[in-house]
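I opened my notebook to jot down what I looked up, one entry at a time. Here it is, in the order I went through it.

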Amino acid sequence: MASKVEICPEVARMAQIKTRSIGASLTNELSRLIAEESILAIDPEVDLVVEAANTLTEIDALVSTVGVNGVGVNGREIDVRPLCPDGFISVPRVLIGTPYLSAGTLVVQMSGHKGEIVAHVGPGSFLAQEDKAGQEDYVSIRVNIDPAFDLEKTLSSIVHAPVVDFGQNLKNLPDKSELARFLSNRQQLILARQKQIVTAIASKESVRELFVEVAQSTPWAKLSQILQTSGIWEVRTLRFTEKLVEKFPALSRDRIKDEIRKAGEEFGGQPETPEFRRELIKRLTKMEVEERLKSAAPAKVKQIIDAVVSGQTAKDAVNAIISNKVAVALAVSIKEQRSAIADFCQASAEEIGMAFGKLALQPAYATHSLDPEQGVEAINEALLLLEAGQIAERAEDLDIDLAVS
Amino acid sequence: MLTSQGQIEELLDIAPDWRQIFDSLSKDVSSEQSSQLGSQPAAGLAAKAGKPKSVGLFELFERLGAKALYKKAQLLKEDREKFLALVRNFYLQPLAAKMVSNNQNLKRFFLQRRVPADEQKRHALSIATELAEKLEAAVRKHLGQDAEDGFKVLLPAYVQRSVHNQAIDYIREEWDWEKSTLQDLNLDPEQEDPRQNTADDSQYMPENQAISGEQVSQLNQLRDMLEKMLGDKKNQREPLEVVDCMFGLGLTKFSTAGKELTMRECCDVLQLPGDTQARKIARCQVLLDKGLSMVREGIRQNLPGIADCWQTETNVNRASRRELNQQLGMTESEVERLIVQRQYRRLLELVEKSILKEPRLKELEAKGAVAAFVPVDINSATNRDLMDILGLSKETALQVCQKRPFPHLSNLVDLKLVDENGLKALLNRGCVLKVVVEGRKDINSAPLDELVKSGIESSLAKRIERGRPFGTWAELEDYLQIDLSRYPVLRQNFCLGIFSD
């Protein structure tokens, strides 16, 4: 049996970055690296040279599409699989019967980043098991570990075995479009054809070159990255929604989330960034005001919010919009009387009276107006816009809060 | 290294008995060439006929083999030095150079750091040259001891092992250097930023990943599409559920957004059938492949342009001076102006803010320039980012680094690091604050001794330290190849970026 070897953390981490980027299995890759390291540790006199060049495993698209995972030794590619704790190894069915698997499989027993090659399974074992495995895409076989397993001897016999030309019987070679289909959705092709394509890639250099060319122009390798980013964007929207839900009680979680998603399309996927925050606060404030103050004129509400967001106080902003300054002064006074921030309600006669007293105005204020009804309306409008402005003021304070996570 | 006729003659003068072997090798090569040319079509024949391949010292040394070379060196007395120099320069060095340039770990290391091809060649050559000298010294040592098995040093498998070890040493040294450099908080703006050749992993950490508006638009549509697919009874649900769990999309009750499950966890959560764990995992892999195929099909029909948004790109808000210069071809003055006015929401702002003229913008776009606003965490950003992205002066950046962590952004004003307007300016340039959670340290930055003190065994702690930063617990588990639930101490004592729970 080969001695136990260990992969250094840097190599393991690089392997992880690599497998993540192409959407392949890290466990497979680590088992392959352990196999490579074990072969390198064999006495140099046995003359085994590990070379990745010209192996199928060097083609990333084949690693991610069909799961090739081999190590090149003296020009022969030998498949490598990690042994599961229950004593099985699994090989993609599409590889069985292809030249890729002709040198069999080296079985690696792993524990973290340490491991050893414990067995070699000949290609015949998979062929025998294939029919029994039903329609599963992977064929699993139980591996019996022989403590007397001799890696040197096994590898020597593999590299000295005659090479069979699998390519000579291939007639119908895949073209560009079929290779693209194989890459993007090989399940559309029958299994026998998939195997023929793997055989063609393995034994015909022209097909291999064409496959590499197609793989480079097919962007599907990015799918894993896109899905990962999708998860990241979802977390960001959820976290931001949670932050905002309490601040905008009139809005449902779903509405807030929708607004964040929309803002992201405009400002990018970083909700903590200043323009994103400010625009989002503005939009949500407007929605909140509209929801809470249903009777307010939307154009004036927007005007108030814009003014407050750009630095004016709510009172100044309302003063700039409503020409009846006395009505605004009364509204401010009434607003000060109201301690809690409740949903908007119209000013009562008592509240108006108290405000007059506070401002030392004559209750005959209404007589200043041509129409007493209009005077009360002006107070109520000012009150309403003041309320909107104050909601916007409170939302303004959110800006710094939202920059903290 | 090419051999001149004079060098071949020099060797054959030292070892005249090898002339016969050289002649036979030359004969073999020329007959091989004629048979190859005979099988070429006429056009190829004419093209290849002009350059007959000559036999060099490397081919001759290869044909002779390690044992013959060593034996000859043992026999030589006066000419031994000359002979060993020829072996070093024309056998060991080219053999090592070939192996170094094919070394998978080195290739991966360079690729992940975007080292240009010519620089890779330079590194490979210097590693090979150093190695050839070491191997020559080893041969000399064996010759000095008159060791019988000294020839082993000249065997390709031995050279390969040495190349492998040398490559690992090189990677580890560079890795250490990167880690220590990233901690360097006192870089002058004029100094070349050493991070330009470091791996992208920290940039692609989930919390640091910049997503452009265009990408968000595609992601929103993708999510709507996936929700529809899951709701469509015509679709098989299980494969999509596996995709959901494996990528942490939070689309079904089985998954949580941002929490990528390992395949083993996925088998448990979805209760996938199987007699053994291996079969369950194999089933999970099949379902994942199927699910991804379904998603691809959906994308092909509904979002054909999505992949275009994920091409390699250079974000002008984050790129180093060198990246701006080398990857985008910006002049030094353009770079300076760009850095001063960071950050940008659209590339067009570069023209609006007079950083460059409109025709240049097209050139930049063609070279993959994008403008995606990036948040900069005042509690963890490097000194260089505080200066280059947030625009802090060198002194203030240094003080910020010394006085952090800050519980709130207003502390910057309280501590007189910036005034109110300065804080506003910082916020406008993308300054954010990620609060350092009391009691739980970030596993990506906790010192090694704290990891050990918390009860993690030392070898595991070292592996964590050397592999970080990690984006998710699933990523850490996958990297360590262990079941993290057996190490509750990790999650009890440490957090992991914004995705920690």
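Predicted model: local features only at pLDDT ≥ 70, side-chain atom pairs only at ≥ 80, totals over all residues.

For reading my notes, residues are numbered from 1 along each chain as its sequence is written, chains are lettered from A and ligands numbered from 1 in the order written, and side-chain values use heavy atoms, without hydrogens and water.

How much of chain B is buried? I found that buried residues make up 50% of its 501 residues. Buried means under 20% relative accessible area, exposed means over 50%, and partly exposed is in between, using a 1.4 Å probe and protein chains only. The accessible surface of chain B is about 24,300 Å², and 50% of that belongs to carbon and sulfur atoms. These areas come from the Shrake-Rupley method with a 1.4 Å probe; for residues, only the protein chains shown count as cover.

I also checked contacts, meaning heavy atoms within 4.5 Å. Among those in chain B between residues at least 6 apart in sequence, 65% join residues at least 24 apart.

In chain B, the bond from R342(B) to Q343(B) is cis, with omega near 10 degrees. I located Q343(B) in the loop between helix 14 (332-340) and helix 15 (348-352) of chain B. Another cis bond joins R404(B) and P405(B), with omega about 10 degrees. P405(B) sits in the loop between helix 18 (394-403) and helix 19 (411-414) of chain B.

Then I looked at phi. Q271(B) is not a glycine, yet its phi is positive, about 50 degrees. I found Q271(B) in the loop between helix 11 (263-270) and helix 12 (277-302) of chain B, and it is exposed at 67% relative accessible area. In chain A, D47(A) has a positive phi near 65 degrees. D47(A) is in the loop between helix 2 (26-40) and helix 3 (60-66) of chain A, and at 37% it counts as partly exposed.

**Strands of chain A.** Is strand 4 of chain A buried or exposed? I saw that 5 of the 5 residues of strand 4 (residues 88-92) are buried, so the strand is largely enclosed by the rest of the structure. F88(A), S90(A) and P92(A) cover one side, I89(A) and V91(A) the other, and all are buried. Strand 4 pairs with strand 7 (residues 138-142) of chain A in the antiparallel sense over 5 bridges; strands count as paired if DSSP finds at least two bridges between them. I traced P92(A) to its bridge partner in strand 7, Y138(A).

I moved on to an open sheet of 5 strands in chain A, ordered 1-6-5-3-2 with mixed pairing. Its edge strands are strand 1 (5-6) and strand 2 (70-73), each pairing on one side only. Strand 3 (residues 76-82) and strand 5 (residues 105-111) of chain A pair in the parallel sense over 4 bridges, and P82(A) stands opposite V108(A) in strand 5.

Terms used:
Helix = DSSP H or I, 4+ residues; strand = E, 2+ residues; numbered from the N terminus.
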